[in-house]
Amino acid sequence: MASKIIEDGQIEALRSKLQPPKMYRVLLLNDDFTPMDFVITVLQRFFSLDTEQATRIMLKVHNEGRAACGVFSRDVAATKVEQVSAFARQHQHPLACLMEEN
C-alpha cells in the first residue's frame, strides 16, 4: 500500500483499487477423429472431473461442437490448454483446446 505525507505530518494511505484478474474459459472443440473415451480421460485428468461430469461435457462437445471445461486465471488457463494439446499430440489425436476471455 502506498502512502504520502500531508503538510501537517499525518500519513494518508492511498488505496489503489485493485481489479480482480480477468478470467478465461477453457474450451474443447469437436472433431471427427478423437475418440469419446479419450476426451473423457482428458477431462478427468486435466480438469479433475468425475466420470459423470466428464461424460456430460464430452457429449456437449460432440453435439454442439464445443464446450467449456472450466474458468481459470490467464496463466492457469494457458497451462491447461498447453497440457491438453500436448497430451492429444502425444496420443496422435487432433483434439483442439483453446481459451477465451470469460
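**A chat about helix H2**

Student: How does the span of helix H2 in this model fit its 14 residues?

Tutor: Helix H2 covers residues 51–64, and at 1.5 Å a residue it should span 20 Å; the C-alpha atoms at its ends are 20 Å apart, so the two agree. Keep in mind that this is a predicted model.

Student: Okay, and which residues of H2 are buried?

Tutor: Those are Ala 54, Ile 57, Met 58 and Val 61. They lie on the same side of H2, because they cover an arc of only 105° around the axis.

Student: Why would residues three or four places apart point the same way?

Tutor: An α-helix has 3.6 residues a turn, so residues with that spacing point the same way.

Student: What covers the buried residues of H2?

Tutor: The cover includes strand E3 (23–29), helix H1 (36–47) and strand E4 (66–73).

Student: And which exposed residues sit on the face turned away from the buried side?

Tutor: That face of H2 carries Glu 52, Arg 56, Asn 63 and Glu 64.

Student: What happens at the start of H2?

Tutor: There, a side-chain oxygen of Asp 50 comes to within 3.1 Å of the backbone nitrogen of Glu 52. Just after H2, Gly 65 has a positive phi of about 95°.

Student: Let's zoom out. How many helices and strands are in the protein chain?

Tutor: The chain has three helices and five strands, and along the sequence they follow the pattern β-β-β-α-α-β-α-β.

Student: How much of the chain is buried?

Tutor: Out of 102 residues, 31% count as buried.

Definitions and conventions: Residues are numbered from 1 along each chain as its sequence is written. This is a predicted model: local features need pLDDT of at least 70, side-chain atom pairs count only at pLDDT 80 or more; totals for chains, interfaces and linings use all residues. Side-chain values use heavy atoms; hydrogens and water are left out. Helices (H or I, at least four residues) and strands (E, at least two) are DSSP runs, numbered from the N terminus. Buried means under 20% relative accessible area, exposed over 50%, partly exposed in between (1.4 Å probe, protein chains only). The expected span of a helix is 1.5 Å times one less than its number of residues. The arc is that of the directions from the helix axis to the C-beta atoms. Contact means heavy atoms within 4.5 Å. A polar contact is a pair of N or O atoms within 3.5 Å; within protein, one must be able to donate a hydrogen and the other to accept it, and residues adjacent in sequence count only if both atoms are side-chain atoms.
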